[in-house]
Amino acid sequence: METASNFLNIKDVSTAFKINGQFYDAISHINLQVHHDEILAIVGESGCGKSTLATTIMGLHDPAETKISGEIDFEGTNLLKLDDDGYNDFRGAKIGMIFQDPLSALNPLKRIEDQISEVMDYHTSLSKEEKHERVLQLLDEVGIVNPKRTAHQFPHELSGGMRQRVIIAIAIACKPDLIIADEPTTALDVTIQAQILDVLRDIQKENHAGIILITHDLGVVAETADRVAVMYAGQIVEEGTAEQVFNTPEHPYTRSLLRSMPQRDNENDDLYVIKGNVPSLQKMPSTGDRFAPRIPWVPASAHEENPTMHEVAPGHEVRCTCYKEFSFPDQKGSVTA
Amino acid sequence: MWKTILRRFLIMIPEVIILSILVFLLAKAMPGDPFTGSINPKADPQQIHHLMKINGLYDPWYQQYWQWVVHLFHGNLGNSYQYQEPVTRLIAGRAGNTLWLALFTMILTYAFALPMGVFAGRHEGKLPDTIIRVYTYVTYCIPFFVILVIGIWIFGYVFGWFPTTGSISAEASGSGWLQTIGSRFYHILLPGILGALFGTVNIVQYLRSEVIDAKGSDYVRTARSKGVPSKDIYRHHIFRNSLLPIAAFAGYSITGLLNGSIFTETVFSYPGMGLLFVNSISYRDYTVITALVLIYGILNLIGTLLSDIILSIVDPRIRIE
């Protein structure tokens, strides 16, 4: 996977949060690469550490409350070695972030124009007029019908979809190489979702940016992603191209996830459910396959003691060996590896 | 925005009318009549009856109310029983004193409270925050008049730094305007500072929690992801948004100051409206009480009006387009 177009290299990154005076890993030993011109989707259920990964890359954690180890190599700079000032040269300029909840992510007391041009105040030397022009251009780019009017409005005067477009405009204002979109469409209804995803794709084509798209919506992933990393309980359990992950999923968790999606042509009326819950941070086992408790019918011997990633095809990796023996209980015998 | 202000102002008119009716009816319900203070025991009941009649005191209440309102607009609030002079002149002579004290206290209150609240919120959980919190809890627990008495005892009596009564010293009142202003200012220093120390408590606590809330808000996270340096985030995002409820509170705080002035002026024997109010109650000087209740009531309404106007200026969400 080491190619020239790798501009973001996440190596062995763990982020631990302080809970009652003790540190617990929210994400552990994450390895990921992002290339130009690609959309890498990170999927997983709530609490699996997707957003923590995003905020770790952005350096948005309070150093007193979190412990981060590993290396985030961004175009030759290890971001984790930077202080807050150093980080500010990257945030907004080379890395843009799109947040989940457009209702609260904008300052309610500032006009849209001021909120967009603020990011340019710190990273460009544009004049006031140039910034104004750029704001209008950005609003047009993200699909706002009347940029002049919107630029002058306050967030509460805009719809959810428009606010999310504004947030995207902020994220792309300085043409960043990397855009992290943390559940950008979760708070929006389905028609708006599709439009927002279109906007993201268009921007990517134009700027040759790499996008990390964080979502729990497999539909969104199938529609947009080039590569997919599946996360479970703070670890990446499967990584590969979108075709690989969707057409030949290997890890039991990925397969369960895909199977639990409602299908129109499903003859069986019952929806598949993954039993149990993601363990809480404090109860996370230090060894063993973290997904094992949720597939209890798979014999313990099938799991590795310290599960590592195994390459099953070029660019397609799976954690733990249990995928070889895994089959759904109601399909036993019909699927064997 | 003008529309909002105008609308809010129009709402105040019925409020004032209702207030004045209430005050009028209360005054009517009090014992005594306008002649109680001016007639001697030997007066003929027939004559009093006649006086009451020609002065319209046997008319229906709404006619009397109307008369009262007409007089009110002519600045005629009746005569004080106790001082035998028009209530308007009596109050006018003291309103200035109260106004200066209240204004000074308010300025000091915000001068103390804003930096303390912001500082405590910014350094939440650290030593300065703890000190400020302990200060607010302690002050909050002590009744205001106890603070005043302790303050007078320590700074006025033990150290003797400040005068403890009056609004101006005897020697200054006759001399030039500079000495007059100087002496007046000297007299409001201690009550002003003590009032401000007490008044800061609510603002500090409120501001502190607002700053803490804003620090963790999504729009601050957005600002950080834009690469805005920490000090600018405080300046452009956190402070302004946290000050919003405080600004809205400013109008109401006028009300609090007036209530406080009753304590302060009594303890300091400071000749303002608050002291007049307390004295009038002791002497059953109904005309003065009625007038003061009306004035305090209207000032309260103006306070809330101001709050709403301030809020509509600082918060775009409130404005009516």
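Visitor: Which residues have the most contacts inside the largest nonpolar core?
Guide: In this predicted model, the residues with the most contacts inside the largest nonpolar core are Leu8(A), Ile116(A), Leu178(A) and Ile180(A), and that core has 68 residues. Its largest share, seven residues, is supplied by helix H6 of chain A, which covers residues 160-172.

Visitor: And what does Leu8(A) touch?
Guide: Leaving aside residues up to four places away in sequence, Leu8(A) is in contact with Leu32(A), Gln33(A), Val34(A), Ile57(A), Ile72(A), Asp73(A), Phe74(A), Leu178(A) and Ile212(A). Apart from the core that holds Leu8(A), there is another core of 27 residues, including Leu218(A), Ala233(A), Ile274(A) and Met284(A).

Visitor: Switching to charges, how many salt bridges are there over all chains?
Guide: The search of the whole structure gives 18. One of them joins the side chains of Glu71(A) and Lys11(A), with an N to O distance of 3.5 Å. That pair links distant parts of the chain, since Glu71(A) sits in strand E4 (residues 66-74) and Lys11(A) in strand E1 (residues 6-19) of chain A, 60 residues apart.

Visitor: What about Lys131(A), which partner does it have?
Guide: Lys131(A) forms a salt bridge with Asp121(A), and their closest N and O atoms are 2.5 Å apart. Lys131(A) belongs to helix H4 (residues 128-141) and Asp121(A) to helix H3 (residues 112-123) of chain A, so the bridge ties together parts that are 10 residues apart in sequence.

Visitor: Is Lys131(A) buried or exposed?
Guide: Lys131(A) counts as buried because its relative accessibility is 15%, below the 20% cut-off, whereas Asp121(A) is partly exposed at 41%.

Visitor: Where does the Glu124(B) pair sit in chain B?
Guide: Glu124(B) pairs with Lys215(B), the closest N and O atoms being 3.9 Å apart. Glu124(B) lies in the loop between helix H4 (87-122) and helix H5 (127-141), while Lys215(B) is in helix H8 (residues 177-215), 91 residues apart. Glu124(B) is partly exposed, with a relative accessible area of 41%, and Lys215(B) is partly exposed at 26%.

Visitor: Last topic: where does UniProt place the feature "transmembrane region"?
Guide: The unreviewed UniProt entry places that feature at residues 9-27, 99-122, 134-159, 185-207, 243-268 and 288-314 of chain B. In the model, residues 134-159 of chain B are 88% helix and 0% strand, with end C-alpha atoms 26 Å apart, and residues 243-268 of chain B are 96% helix and 0% strand, with end C-alpha atoms 33 Å apart.

Methods: Residues are numbered from 1 along each chain as its sequence is written. Chains are lettered from A and ligands numbered from 1 in the order in which they are written. This is a predicted model: local features need pLDDT of at least 70, side-chain atom pairs count only at pLDDT 80 or more; totals for chains, interfaces and linings use all residues. Side-chain values use heavy atoms; hydrogens and water are left out. A nonpolar core is a set of buried Ala, Val, Leu, Ile, Met, Phe, Trp, Tyr and Cys residues joined through side-chain atoms within 4.5 Å. Buried means under 20% relative accessible area, exposed over 50%, partly exposed in between (1.4 Å probe, protein chains only). Helices (H or I, at least four residues) and strands (E, at least two) are DSSP runs, numbered from the N terminus. Contact means heavy atoms within 4.5 Å. UniProt positions are given in the numbering used here, feature names are shortened, and annotations may be inferred rather than shown by experiment. A salt bridge is a side-chain nitrogen of Lys or Arg within 4 Å of a carboxyl oxygen of Asp or Glu.
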